[in-house]
Amino acid sequence: MPLPLVAVVGRPNVGKSTFVNRIAQADEAIVHEMRGVTRDRSYHEADWNGVPFKLVDTGGIEMGDDDAFQGSIRNQAIAGANEADVVVFLVDGKTGINADDEEVARILRKTKKPVFLAVNKMDTPNREDEMWEFYQLGLGDPWAVSATHGHGTGDLLDAIVETLREIELHEEDGEGEQSINVAIIGRPNAGKSSLTNRLTANDRSIVSDVAGTTRDAIDTHIVHEGTRYTIVDTAGLRRKSQIDEDVEYYGYVRAMRAIDRADVVLLVVDSTLGLTDQDQRVAGYALERGCAMVIVLNKWDLVEGPEAKAEIRERIADRMMFVGFAPVIAISALTGKKVDRIWDALDTAYENFSQTIPTNKLNTWLAGIRESGHTVTKGKVILRMKYVTQTGCRPPFFTFFANRPDVVTDNFERFLENRMREAFDLEGTPIKMKFKKKD
């Protein structure tokens, strides 16, 4: 059965992310004093009294439009409430009701979803008499809570869980099947959110030409031609030395976590700027963590002339040689041109990432390597390769048995990898090798 969704909505800085972290018993939602830190919807699994559910942390709702993102944030928050089974409307018990609270309440009164009005920052129980003003919002009895200290959250959760038990959840087709985790990574403003929205056919991630718009890692679950994917749009990765805001640092941490759990990463490169050192570093992060990879040249329609395009591809082949296994696809996320080609590349990379090559085929291949006479010598020592077997997958891991594994060099490892890729379909996936002694 699909997990029920509980959306946490409210104006900025009322403590929504602190509340989400309290309930989810994690530090996944970014918490900061700056208004509007949460811009997109982010999803977090939680459990209360044996009832699992998902919390949806939304951007703060403000009805004014003085901020470049405010209209999108408001739409994201309203969309989060619309898709939820239960809505928690969080208000600030210290500042009281303001015009934005009243407007949000007006919107929520029209929804058919169960709404719980939670008055946050009620850090001492004897202040509960100050809650009476919140009845005028017309959303029933307010619940006094303290997201920071946990006061009142247990009683609120009891009521939420009781409501969830009463809601009939319809089983989704294929629920429980394996999902391919895909992290969309790259430096800021390369077009990751535009690509996410294009692949998922919705506007869940906020798109802007302001670098660094996405601060959380955002999950979207979809089914494409019968295959389930979890698409994760991540904050743009920069070098740590260039991260000067706490909020941006937390976004960096989320992006690294997304890479940690990814099967395949889509490395988005801005074609108009060409390949940069940042792109190489981002690719290195994914390679260190053993992810399959597809390189996406975005904004390809803005590159003028075949010579310029050929130069970009040549530079990628040269400077990204360490991830030479990754296919390169040129697209325009904005117009959708050739975006469909990504699905085939994703599927191929994941299939190769997960494959197991039979031992007899590997050793037939190794026999050919021995017959070629290519080996390593060190003084009087000659490396003799005896046997090879695959000892892991995702990514494929091969163990070689040899008389003197201590003399294996990096160059010889690269030679073996290149010959292995010529013999077997390993496009899109890194491979790992280990050498053990066998006399």
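This is a predicted model: local features need pLDDT of at least 70, side-chain atom pairs count only at pLDDT 80 or more; totals for chains, interfaces and linings use all residues.
Student: Where is K299 found?
Tutor: Phi of K299 is near 60 degrees, a positive value, and K299 is not a glycine. Most residues other than glycine have a negative phi. As for its place, K299 is found in the loop between β11 (292–298) and α8 (306–319).

Student: About how many degrees is the positive phi of K338?
Tutor: K338 is found in the loop between β12 (328–330) and α9 (341–354). This residue is partly exposed, with a relative accessible area of 44%. Although K338 is not a glycine, its phi is positive, at about 65 degrees.

Student: Which residue is joined to R394 by a cis peptide bond?
Tutor: Most peptide bonds are trans. Here omega is about 0 degrees, and the bond is cis.

Student: How many Å apart in space are G140 and V115, C-alpha to C-alpha?
Tutor: G140 has its place in the loop between β5 (115–120) and β6 (143–144). With a relative accessibility of 37%, G140 is partly exposed. G140 and V115 are separated by 25 residues in sequence. In space, their C-alpha to C-alpha distance is 8.6 Å.

Terms used: Residues are numbered from 1 along each chain as its sequence is written. Side-chain values use heavy atoms; hydrogens and water are left out. Helices (H or I, at least four residues) and strands (E, at least two) are DSSP runs, numbered from the N terminus. Buried means under 20% relative accessible area, exposed over 50%, partly exposed in between (1.4 Å probe, protein chains only).
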